[in-house]
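Please read the points with the structure open.

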Amino acid sequence: MLLGREFYARKTLVVAKDLLGRVLVHVDEGVRRAGRIVETEAYIGPHDLACHASKGRTARTDVMFGHPGHAYVYLIYGMYDCFNVVTEREGYPSAVLVRALAPLEGCVGKTDGPGKLCRALHVTRAQNRFDLTDPASSLTIEEGTPVSPRKIARGPRIGVDYAGDWAGKELRFWVRQDPHVSR
DNA sequence: CTATTGATGGTC
DNA sequence: ACCATCAATAGG
């Protein structure tokens, strides 16, 4: 069963936690590549200085201003794609970065980092704006098994030291003790 | 610690 | 038309 629009149309922080244990699936030219989500980060709205959309609506950030449940995939450091899901209501730009997976099917290499998981599932900017709630989509998220709150750890986001007051906020979530969480 | 790599957004 | 920067990673 796929997660529906209403799953994503909630507070980004809630979605970030609730995505742990869910299964990201990419049907890549007929082959299923999938992993269980074990680490996420919340990027919340125009005031979050670490959120790309805090610089306004541009060609890149446009998708974050749209409907929840769509993919936001962007290129970082000229080499790595990062996969996010758009959250909250239309017009309020926010997303959850998926940082690590436990590999399940068809993964090429490791999945313990945002760039690595995209490489492993063959997710690129070609999938940007894809609707994750559409059963006909090649990129979806299945219900999987939610993680009990007691097994969820929390800490500051990675690589956002530039973000002033928002740099220290604990908006990163991971499954405690899971070996596939990024270093 | 460094090199990598190119899109992106700001400035001139 | 530049230019600094970047939600990362691999390799010393």
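**Notes on the DNA contacts**

1. Helix 3 gives the most to the surface near DNA strand C, with four residues. Helices (H or I, at least four residues) and strands (E, at least two) are DSSP runs, numbered from the N terminus. A residue is near a strand if one of its heavy atoms lies within 4 Å of it.

2. The model is predicted: local features need pLDDT of at least 70, side-chain atom pairs count only at pLDDT 80 or more, and totals for chains, interfaces and linings use all residues. Residues are numbered from 1 along each chain as its sequence is written, chains are lettered from A and ligands numbered from 1 in the order in which they are written, and side-chain values use heavy atoms, without hydrogens and water.

3. Around DNA strand C there are 18 residues, of which Tyr43, His52, Tyr74, Gly115 and Tyr162 come nearest. Of the atoms of DNA strand C that come within 4 Å of the protein, sugar and phosphate make up 56%.

4. A backbone N or O atom of Gly115 is 2.7 Å from a phosphate oxygen of DNA strand C.

5. DNA strand B is surrounded by Lys55, Thr58, Arg60, Tyr77, Gly78, Met79 and Arg125. Here sugar and phosphate account for 62% of the DNA strand B atoms that come within 4 Å of the protein.

6. Thr58 has a polar side-chain atom 2.8 Å from a phosphate oxygen of DNA strand B. Gly78 instead places a backbone N or O atom 3.3 Å from a base nitrogen of DNA strand B.

Conventions
Polar contact = N/O pair within 3.5 Å; in protein donor to acceptor, adjacent residues only side chain to side chain.
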